[in-house]
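Reader: I would like to go through the fold of this model with you. May I start with the sheet and then turn to the helices?

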Amino acid sequence: MKLRLLWVGKTREPYLAEGIRLFRQRIQRYMAVETVAVRGEKIRQTANETILRDKECERLLQAVVQDDRVLALDPSGKMPDSEAFSRLLGDYRDRGVRSMAFVLGSPLGLNEEILQRADFRFSLSPLTFTHEMARLILMEQIYRALTILAGEKYHK
């Protein structure tokens, strides 16, 4: 199985980029992982945020492969604990899913088209994180889930 993480914009904070790189390496011990950053829109006060979000989401949808199982980060989505999240990944793996795409929007969020395309919508926390931090937190949780599935001691 291959994991694909699709998000809007570059990770600008060096410490977050380093953490993402570290967890990407750790995840690759278990399965292939790819990160795809699509171009974001400049958010100006006078801009129509719906139009900007739709443009970003169109780019995200273009990056989704037809056979991908899509997991969208959505503040109103389910909040599984680490064990439930690992079971979700394990279920996809055991059913022979070839590729999973985790989709993260910009501060503008995801539009209804992506949320409808999603096979699973989830939230990392009721707390608010920057979108760059959410990338790192998601990658750590994916790594944690894979160690749980492998019966390793990382998860406590």
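Reader: How many bridges join strand 3 to strand 4?
Author: This is a predicted model. In it, 4 bridges join strand 3, residues 69-78, to strand 4, residues 99-104, and the two strands run parallel. Within that pairing, V70 stands opposite A101 of strand 4.

Reader: And which order do the strands of the sheet take?
Author: The order is 2-1-4-3-5, in an open sheet of 5 strands with parallel pairing. Strand 2 and strand 5, the latter spanning 120-122, are the edge strands, each pairing on one side only. From one strand to the next, the twist averages 25°.

Reader: Which helix packs on strand 1 and strand 2 of that sheet?
Author: Helix 1 packs on the sheet and touches strand 1 and strand 2. The direction of helix 1 makes about 145° with that of strand 2. Helix 5 also packs on the sheet, touching strand 1, strand 2, strand 3, strand 4 and strand 5. The direction of helix 5 makes about 170° with that of strand 1.

Reader: Back to strand 1, then. What joins it to strand 2?
Author: There are 7 bridges between strand 1, residues 2-8, and strand 2, residues 32-38, which run parallel. V8 stands opposite V38 in strand 2.

Reader: Is the unit made by strand 1, helix 1 and strand 2 right-handed or left-handed?
Author: Strand 1, helix 1 (residues 14-28) and strand 2 form a right-handed β-α-β unit.

Reader: Changing topic: what is the span of helix 5?
Author: Helix 5 covers residues 131-149, which is 19 residues, and reaches 27 Å from its first C-alpha to its last. That is close to the 27 Å expected at 1.5 Å a residue. G151 follows helix 5 and has a positive phi, near 70°.

Reader: At what angle do helix 3 and helix 5 pack?
Author: Helix 3, residues 82-94, and helix 5 pack at about 70°, with their axes 8 Å apart. The two helices are therefore roughly perpendicular to each other.

Reader: Which residues make that contact?
Author: On helix 3 they are S82, E83, F85, S86, L89, G90 and R93. On helix 5 they are L138, Q141, I142, R144, A145, I148 and L149. By class, this contact of helix 3 with helix 5 has 7 nonpolar, 4 polar and 3 charged residues.

Methods:
Residues are numbered from 1 along each chain as its sequence is written. This is a predicted model: local features need pLDDT of at least 70, side-chain atom pairs count only at pLDDT 80 or more; totals for chains, interfaces and linings use all residues. Side-chain values use heavy atoms; hydrogens and water are left out. The expected span of a helix is 1.5 Å times one less than its number of residues. Two strands pair if DSSP finds at least two bridges between them. A crossover is right-handed if, with the strands pointing away from the viewer, the path from the first strand over the helix to the second runs clockwise. Axes are lines fitted to C-alpha atoms, for helices over the stretch in contact, and angles run from 0 to 180 degrees between N-to-C directions. Angles under 35 degrees count as roughly parallel, over 145 as roughly antiparallel, 65 to 115 as roughly perpendicular and the rest as oblique. Contact means heavy atoms within 4.5 Å. Ala, Val, Leu, Ile, Met, Phe, Trp, Tyr, Cys and Pro count as nonpolar, Asp, Glu, Lys and Arg as charged, and the others, Gly among them, as polar.
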